[in-house]
Amino acid sequence: MAGAVCLTFDDCTLDSWVDAAPLLTLSRARATFFISYFPHAVDGAGLSKLDFLAAAGHELGCHSVNHFHPQRFLSVFTVDEYLRTEVLPAVRTMRGCGISCTSWCYPFNASTPELQARLAELFVIQRGRAETPEQALAAPGDRLIFGRSIDTYVAGQPDRVNDVAPILALLEQAADADRIAVLYGHDIAPAATIAHAVAPQALMAIINKARDLGMSFVTASEIANG
Ligand SMILES: [Zn+2]
């Protein structure tokens, strides 16, 4: 076995994701897009873009309605209020549009044990951020996974905040151990058009490395489903 890659993208840069979709398809790379600012910031044209991504074999998951910081929200409000405000409107709308929406990603990668327990009733898998390389290696059946950033641009940080080399090394580690390397980016753009972006050439270097290692691409829900 050669391990696998779970490539995820967060937030709502639908245009750049649609632009990058042919590149992903040509490379036989499937991704999971965690959509935020949904449904209010996604109009009919936006929904068509989501349909396009789903039809290309990618998974669409939920990344909250307003992208509020979960822990800050919960310092004032209850978990039930979080679900009513940040989760359920997005899930209902997505499922109403025929999107199964079985995966969740935490805004700011911030969560609490109580929130994780409640969201486990709604989603088959949840994603946060890996604090160590080992934490970014998932196994089939996992329902809580942690991603390693692949963004090459992050607002307020030096250019090329992520060298690609350690990410390629993580892929080798996953391939050797037959594990699933979980990665996350945001916008796919040659420069910082929003707060976080991965340069297309860096993304391609990662995808090509995975292919060279014989790794397959799995979506987030496919990890949970073993
Ligand atoms: Zn986000």
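What percentage of the 226 residues in the protein chain is buried? In this predicted model, the buried share comes to 46%. The chain folds up into 8 helices and 12 strands. Its radius of gyration is 16 Å, close to the 17 Å that the globule rule gives for 226 residues, so the chain is as compact as a globular protein of that length. Laid out along its principal axes, the C-alpha trace spans about 45 × 35 × 35 Å. As for who touches whom, take the contacts between residues at least 6 apart in sequence: 73% of these join residues at least 24 apart.

On to the inside. Nonpolar side chains tend to be buried together in soluble globular proteins. Here, the largest nonpolar core has 72 residues, and the ones with the most contacts inside it are V5, C6, I180, A181, V182 and L183.

Helix α4 is worth a stop of its own. Its 18 residues, 79–96, reach 24 Å from the first C-alpha to the last, close to the 26 Å expected at 1.5 Å a residue. The helix isn't straight, though: a kink of about 45° sits at V87, shortly before the proline P89. V87 is also one of the buried residues of α4, together with Y82, E86, A90, V91 and M94. The cover over these buried residues includes β3 (59–62), α3 (70–74) and α5 (113–119). Just after α4, G98 takes a positive phi of about 90°.

Key: Residues numbered from 1 in each chain as written. Predicted model: local features only at pLDDT ≥ 70, side-chain atom pairs only at ≥ 80, totals over all residues. Core = buried A, V, L, I, M, F, W, Y, C linked by C-beta atoms within 7 Å. Buried ≥ 20, exposed ≤ 12 C-beta atoms within 10 Å, placed from the backbone. Helix = DSSP H or I, 4+ residues; strand = E, 2+ residues; numbered from the N terminus. Rg over C-alpha atoms; globule rule 2.2 N^0.38 Å. Contact = placed C-beta atoms within 7 Å. Expected span 1.5 Å × (residues − 1). Bend = angle between axes of the 7 residues up to and from the residue.
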